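Notebook open, structure on screen.

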Amino acid sequence: MLRLNDLKKHYQMGETIVRALDGVDLSIQKNEFVAVMGASGSGKSTLLNILGCLDTPTEGSYVLNGTEVSHLDDDELSIIRNEHLGFVFQSFNLLPRYNALKNVSLPLMYSERSPSEHKERAAEMLELVGLGNRMHHRPSQLSGGERQRVAIARALVNEPDIIMADEPTGNLDTSTSTEILALLQQLHHRGQTIIMVTHEKDIATYANRVILLKDGRIIDDYTNTNN
Ligand SMILES: Nc1ncnc2c1ncn2[C@@H]1O[C@H](COP(=O)(O)OP(=O)(O)OP(=O)(O)O)[C@@H](O)[C@H]1O
Ligand SMILES: [Mg+2]
């Protein structure tokens, strides 16, 4: 599904170079649930942003679904994102003026399906994440966990090949986090490929594979046998 070869992301900061990613080799297959772990500053978000085509590497290769994407421009990257990827962020990133249904249907704006089909599809995704009874609530009228469920429904609505989640439970209490992780695990069991960034070991246990970053390099890569 995706492959990185000797991938680097360096930032020039005055005299010094920050090596946010410094030679990453990685393959991820369809239907893996991968947790990217590491201390603050180890390069997790940088890696996820490149995997999510939100950013491009300084050096090295990134092949996604058979396409070399490391040299694409912003417009080409946005097409890839819209067609292949779904995003979940720590801060939910929902539009406050719109209700859940409208927030979830937004990524379909560019699709060829009709508005009524958009609505139907968005409603289906909200049902899937357990929010069938919250479709007409705006974000401010939802709990944190419900907001993240809306964001997950929105990430799913385009049938993405991969869901990218950066600290998806970072703003949630422990029990709500557990519910969100159980939901991601359920999606994984339905065949969804998921890449999730976390700095907490407990959270990584929900994934079936854990990649550990340190100073912009992968220092461990192991399989969780319990799920
Ligand atoms: N735009 C930038 N310019 C310069 N340095 C950057 C930039 N973005 C990130 N860095 C540096 O690259 C390194 C990796 O950052 P990154 O955000 O990927 O870390 P992280 O593992 O996600 O950390 P956290 O757990 O705190 O979110 C850090 O040292 C950071 O300071
Ligand atoms: Mg980060």
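Before counting strands, I note my rule: two strands pair if DSSP finds at least two bridges between them. I also keep in mind that this is a predicted model.

Entry one, the sheet. In what order do the strands of the open sheet run? I read β6-β7-β8-β3-β9-β10, so by the bridge rule I have 6 strands in an open sheet, and the pairing is mixed. I looked for the edges next and found β6 (85–89) and β10 (217–223), each of which pairs on one side only.

Entry two, one pair up close. I picked β7, residues 162–166, and β8, residues 193–197; the two run parallel and share 5 bridges. Opposite A165 I find M196 in β8.

Which strands does α1 touch? I list β3 (33–38), β7, β8 and β9 (209–214), with α1 packed on the sheet. The direction of α1 makes about 150 degrees with that of β8.

I count 13 residues surrounding ligand 1, and Y11, A20, S40, S45 and T46 are the closest. Where does the shell come from? I see β1 (2–13), β2 (16–28) and α1 (44–51) each giving at least two residues. The largest share is that of α1, with 3 residues. Sorting the shell by class, I get 8 polar, 4 nonpolar and 1 charged residues.

Methods. Residues numbered from 1 in each chain as written. Chains lettered and ligands numbered in written order. Predicted model: local features only at pLDDT ≥ 70, side-chain atom pairs only at ≥ 80, totals over all residues. Near = placed C-beta within 6 Å. Helix = DSSP H or I, 4+ residues; strand = E, 2+ residues; numbered from the N terminus. Nonpolar A, V, L, I, M, F, W, Y, C, P; charged D, E, K, R; others polar. Contact = placed C-beta atoms within 7 Å. Axes fitted to C-alpha atoms, helices over the stretch in contact; angles between N-to-C directions.
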